[in-house]
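My notes follow in the order in which I looked things up.

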Number of protein chains: 2
Amino acid sequence: MVPRKLSFTEENYLKAIFILTEENQEFNTSTNKIAEKINNKPPTVTDMLRKLTDKKLITYEKYKKVQLTAKGKQVAILVIRKHRLWEVFLHDKLQFAWDEVHEVAEQLEHIHSEQLILRLEKFLGFPKYDPHGDPIPSAKGKLGQVLRTTLSEVGEGISCHVVGVKESSTPFLQYLQQVSVGIGTKIKVIKKIAFDQSLVISLKKNEQLTVSQKFSDNVLVAS
Amino acid sequence: MVPRKLSFTEENYLKAIFILTEENQEFNTSTNKIAEKINNKPPTVTDMLRKLTDKKLITYEKYKKVQLTAKGKQVAILVIRKHRLWEVFLHDKLQFAWDEVHEVAEQLEHIHSEQLILRLEKFLGFPKYDPHGDPIPSAKGKLGQVLRTTLSEVGEGISCHVVGVKESSTPFLQYLQQVSVGIGTKIKVIKKIAFDQSLVISLKKNEQLTVSQKFSDNVLVAS
DNA sequence: TAATTTAATTTGATTATACTAAAAATAAAG
DNA sequence: CTTTATTTTTAGTATAATCAAATTAAATTA
């Protein structure tokens with residue numbers, strides 16, 4: 001079913017191709033985009049594309065676009081599944097801050113062991129989302145919907161909880177910490193100021209806070 | 001202090017050299033022994049020994065013996081620390097069987113993140129031994145004493161608990177499972193048969209079992 | 001559509017990790 | 001203390017992943 005074990009590098013290419021096609025809502029992508037994503041030079045990518053084509057993980061002809069095959073897509077999704085489950089582990093169990101989980105998960109996602117991931121998933125209580133609010137694919141490779149919007153799109157009187165941020169600059173993350181907003185924080189939108197799209201929100205009972213549009217545009221929430 | 005990040009391969013060589021010198025209670029080891037340990041051919045080892053010498057991780061001159069430097073030893077011990085902590089995680093938290101932890105830990109031991117290991121150790125409650133009964137080195141690289149003997153050395157009337165096995169062949173491990181002996185199993189030595197060194201042992205109350213010398217020589221216990 | 005710009009590939013090297021076959025050094029045996 | 005056997009290294013290749021420089025194909029612009 002799943003092909004023989006792939007190298008870290010091969011897995012990273014497949015993941016990059018998957019992410020590039022997903023985030024641009026397209027079926028395919030190109031050599032240079034992949035090169036930039038992976039921090040490699042285009043000639044390196046060309047070589048790898050040949051190799052992945054031979055292994056039937058992508059479809060590709062030279063000077064043309066790159067597309068994942070069903071098999072390649074499955075591998076990519078499973079790598080993403082591993083990445084996100086490890087992120088949950090690092091955040092929930094080891095108390096890694098939300099913005100520290102990625103780098104380590106980049107390494108952990110390449111550990112080869114189906115059992116490990118099945119058991120990890122169970123240990124974590126079958127989480128549906130990672131600490132950034134991205135959905136965790138199922139063991140069968142089914143990728144859930146992204147159930148989130150920006151805080152700015154939430155209507156008056158509606159409650160939601162924080163699942164991630166769009167921007168991850170240090171000043172923004174520090175500001176969030178300062179006002180005690182993090183993953184899981186419940187927020188109720190009290191009022192929308194029509195003038196500048198500021199929001200009056202309540203965190204806990206009796207605690208209100210006014211935030212700018214720039215703030216609410218960069219906080220990702222789910223209901 | 002610690003040199004720049006080493007490759008998986010380099011770390012594996014250092015670990016192999018460390019284990020070979022430790023288990024033979026010597027200061028040094030040889031090309032062929034290393035080759036056998038890591039399932040490579042001698043010429044491959046020679047090349048790597050050159051490289052590790054350049055990096056001042058070992059001392060070595062051609063046709064002579066191999067010895068770890070202080071630096072090399074430290075790296076080796078930290079790899080072993082990571083390996084054993086991951087084994088505890090796999091066994092205690094993910095319910096991996098005792099004989100399934102090794103393979104996955106072989107991969108996990110090469111994840112580079114000091115924070116990860118410090119937090120993992122805390123999460124696991126600062127364990128002193130791995131599921132095989134081997135001591136877990138401290139963050140500073142201090143390696144504890146091995147507090148164990150073989151079951152065959154336990155005197156009549158004395159109780160102990162299983163911390164590991166010497167042999168790990170499938171038939172032996174299956175036999176252990178069959179008689180419900182695993183990590184943590186409490187054993188009391190009832191009688192020693194002088195004739196052939198068989199042991200009569202009790203597991204739970206009212207449950208006695210007679211085992212051969214070959215068996216008791218291969219079960220590791222601590223009091 | 002011809003000229004130019006951009007994208008992608010080819011060519012030729014490089015580093016890391018392996019191997020086989022042959023040679024050399026050391027150790028063991030007589 | 002030679003001869004033989006063992007251990008280890010050299011020499012020459014191989015694969016995977018990477019790059020810079022030069023070339024070719026495709027896309028864009030005039």
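**Entry 1: the sheet in chain A**

I began with strand E4 (residues 159-165) of chain A, which 4 bridges join to strand E8 (residues 219-222) of chain A, the two running antiparallel. Helices (H or I, at least four residues) and strands (E, at least two) are DSSP runs, numbered from the N terminus. Strands pair if DSSP finds at least two bridges between them. I noted that A:Val165 stands opposite A:Val219 in E8(A).

This is a predicted model, so I kept its limits in mind: local features need pLDDT of at least 70, side-chain atom pairs count only at pLDDT 80 or more, and totals for chains, interfaces and linings use all residues. Residues are numbered from 1 along each chain as its sequence is written, while chains are lettered from A and ligands numbered from 1 in the order in which they are written.

Next I traced the sheet of chain A. Its 6 strands form an open sheet in the order E3-E8-E4-E5-E6-E7, with antiparallel pairing. Strand E3 (149-150) and strand E7 (208-211) of chain A stand at the edges with a single partner strand each, so one side of each has no neighbour in the sheet.

**Entry 2: the sheet in chain B**

I turned to chain B. There 6 strands form an open sheet in the order E3-E8-E4-E5-E6-E7, and the pairing is antiparallel. Strand E3 (149-150) and strand E7 (208-211) of chain B are at the edges; each has a single partner strand, so one side of each is left without a neighbour in the sheet.

I then followed strand E4 (residues 159-165) of chain B. Of its 7 residues, 5 are buried, so E4(B) is largely enclosed by the rest of the structure. Buried means 20 or more other C-beta atoms within 10 Å of a residue's own, exposed means 12 or fewer, and partly exposed lies in between; C-beta atoms are placed from the backbone.

What stands opposite B:His161 in E5(B)? I found B:Lys186 there. E4(B) and E5(B) pair in the antiparallel sense over 3 bridges. In E8(B), B:His161 stands opposite B:Ala222. E4(B) pairs with strand E8 (residues 219-222) of chain B over 4 bridges, again in the antiparallel sense.

Further along, strand E5 (residues 186-192) and strand E6 (residues 199-202) of chain B pair antiparallel over 4 bridges. The bridge partner of B:Lys192 in E6(B) is B:Leu199.

Leaving aside neighbours within four places in sequence, A:Val221 is in contact with residues including A:Arg148, A:Leu151, A:Val163 and A:Ile187. Contact means C-beta atoms, placed from the backbone, within 7 Å.

I also checked A:Val179, in the loop between helix H7 (170-178) and strand E5 (186-192) of chain A. A:Val179 is partly exposed, with 14 other C-beta atoms within 10 Å. A:Val179 and A:Leu203 are 24 residues apart in sequence and 9.4 Å apart in space, C-alpha to C-alpha.

**Entry 3: how the chains meet**

I superposed chain A on chain B: a rotation of 179° with 0.1 Å of shift along its axis does it, RMSD 0.9 Å. The two copies are thus related as by a two-fold rotation axis. In chain A, A:Leu108 comes closest to the axis, at 3.8 Å (C-alpha).

13 residues of chain A are in contact with 13 residues of chain B. On the chain A side, helix H5 (101-108) and helix H6 (114-123) give two or more residues each. H6(A) supplies the largest share, 4 residues. 100% of the interface residues of chain A are also interface residues in chain B, so the copies meet through the same surface.

**Entry 4: the DNA**

I ended with DNA strand C. 18 residues surround DNA strand C, the closest being A:Ser30, A:Asn32, A:Pro42, A:Pro43 and B:Ser7. Near means a C-beta atom, placed from the backbone, within 6 Å. H3(B) gives the largest share of this surface, 4 residues.

Around DNA strand D there are 18 residues, with A:Ser7, A:Thr44, B:Ser30, B:Asn32 and B:Pro43 coming nearest. H3(A) gives the most to the surface near DNA strand D, 4 residues.

Conventions
Least-squares fit on C-alpha atoms with pLDDT ≥ 70 in both. Contact = placed C-beta atoms within 7 Å.
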